[in-house]
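I am opening a notebook on this structure and will write down, entry by entry, what I looked up and what I found.

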Amino acid sequence: MFDIAIIGGGPAGLTAGLYAGRARMKAVLVEKAACGGQILITDTIENFPGFPEGIKGPDLADWMAKQAAHFGLEVRIAEAKSVVLGTGAGGPFSVELSDGAKVQALSLIISTGARWNELGIPGEKELAGRGVSYCATCDGPLFRNKEVVVVGGGDTALEDALFLTKFAGKVTVVHRRDRLRATKILQERALANKKVEFCLNSVAVRITGSAKCEALEVKDVNTGSTKAMKADGVFVLIGLTPNSDVVKGIVKLDAKGYVLCDDDMKTSVDGIFACGDVRKKLLRQVVTAAGDGATAAFSAQHYVERLKGVEYI
Ligand SMILES: Cc1cc2nc3c(=O)[nH]c(=O)nc-3n(C[C@H](O)[C@H](O)[C@H](O)COP(=O)(O)OP(=O)(O)OC[C@H]3O[C@@H](n4cnc5c(N)ncnc54)[C@H](O)[C@@H]3O)c2cc1C
């Protein structure tokens with residue numbers, strides 16, 4: 001029986017594990033792939049404090065995992081398939097794993113992250129991290145005076161297109177419809193910005209480049225004609241999908257599937273906490289995932305101590 005079971009070993013889960021370990025909680029982290037989450041596929045992270053020159057994503061992942069292990073976090077490599085609620089106050093919760101085993105814990109922390117929706121076109125996977133990006137906040141500064149294309153027509157796409165004009169020389173927004181979905185004020189700002197151009201009624205069909213991204217091929221949805229546009233960077237901003245299936249039907253989710261929690265990372269179920277990209281929040285970054293993880297572990301610790309009747313003097 002563990003005090004805390006953490007599902008997902010990205011920055012949020014690993015930070016939760018570090019805090020749980022230092023609080024002398026008996027904690028286990030279940031990760032289906034390798035610890036690190038999305039930062040394993042991030043070349044350089046320039047906006048995590050403490051690294052003036054930036055840090056390679058896999059290096060940060062490795063150090064986070066080692067630091068949590070140093071304080072006693074146990075890691076199980078398996079996929080959490082389902083969560084079974086205990087009966088009565090204090091559970092315990094049961095997590096069923098892909099290897100057939102079960103983990104039992106007095107509290108749960110859900111840190112399963114999210115995944116960026118992909119276009120699924122040739123060149124996208126091959127050039128990911130070499131010009132193809134899913135995060136303007138993360139990669140925008142790498143495109144100073146370059147020509148970039150944003151694929152998408154929603155609020156995120158336009159907000160990020162405007163953000164990218166701080167760095168890029170030209171930002172072209174490619175959208176499949178004849179009008180954008182983004183709120184009017186964002187559309188007005190984008191239309192007024194001399195660096196922003198629009199390519200409407202068009203779908204992205206191929207990204208080309210040898211060592212790095214060079215061009216995006218688009219198809220006109222009305223005429224079927226194709227053209228290539230120069231693109232030092234292609235930002236795919238067509239939404240994010242939270243990895244919340246494991247707690248679907250158990251905790252409250254919003255319409256998009258993000259876990260709803262309060263400022264203390266408490267979900268709608270007593271004893272279940274959530275942190276990082278899987279929860280509904282404003283900014284999905286490594287630093288906010290780590291902050292959430294710390295709060296979730298602290299809340300889980302207090303929940304477990306209350307169950308055990310630990311008194312604070
Ligand atoms: C290409 C790219 C570049 C980025 N660049 C930056 C940057 O420069 N700066 C920055 O701050 N942020 C950046 N981000 C965003 C940042 O990586 C995320 O905000 C952060 O990783 C979120 O952490 P997390 O722990 O919440 O989730 P994740 O990193 O998504 O980790 C979730 C983990 O849970 C595991 N998991 C999911 N479901 C299960 C299950 N059922 N059972 C077991 N394990 C499960 C996954 O395998 C994964 O390891 C970037 C993201 C991407 C994709």
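**Entry on Thr172**

In which strand is Thr172 found? I looked it up in the model, which is a predicted one, and found Thr172 in strand β12, a strand that covers residues 170–174.

**Entry on helix α2**

Next I turned to α2, which has 14 residues and reaches 20 Å from its first C-alpha to its last, close to the 20 Å expected at 1.5 Å a residue. I listed its buried residues as Gly57, Leu60, Ala61, Met64 and Ala68. Seen down the axis of α2, these buried residues fall within an arc of 100°, so I wrote that they line one face of the helix. I also looked up what this face meets, and the buried residues of α2 pack against α1 (11–22), β3 (44–45), β4 (55–56) and α6. On the other side of α2, I found Lys66 and His70 exposed. Just after the helix I noted Gly72, which takes a positive phi of about 100°.

**Entry on salt bridges**

How many salt bridges does the structure hold? I found 10 of them, and I followed up a few.

One of them joins the side chains of Lys66 and Asp62, at 3.0 Å from N to O. Lys66 and Asp62 are four residues apart in helix α2 (residues 57–70), so about one helical turn separates them. Lys66 counts as exposed at 53% relative accessibility, whereas Asp62, at 36%, counts as partly exposed.

Another salt bridge is formed by Glu79 with Lys81, the closest N and O atoms being 3.6 Å apart, and I noted Glu79 as partly exposed at 31% relative accessibility.

I then looked up Lys281 and Asp292, whose side chains meet in a salt bridge of 2.9 Å, N to O. This pair links distant parts of the chain, with Lys281 in the loop between β19 (272–274) and α6 (286–307) and Asp292 in helix α6, 11 residues apart. Both Lys281 and Asp292 are buried.

Notes. Residues numbered from 1 in each chain as written. Predicted model: local features only at pLDDT ≥ 70, side-chain atom pairs only at ≥ 80, totals over all residues. Heavy atoms only, no water. Helix = DSSP H or I, 4+ residues; strand = E, 2+ residues; numbered from the N terminus. Salt bridge = Lys/Arg side-chain N within 4 Å of Asp/Glu carboxyl O. Buried < 20%, exposed > 50% of the residue type's maximum accessible area, 1.4 Å probe, protein only. Expected span 1.5 Å × (residues − 1). Arc of directions from axis to C-beta. Contact = heavy atoms within 4.5 Å.
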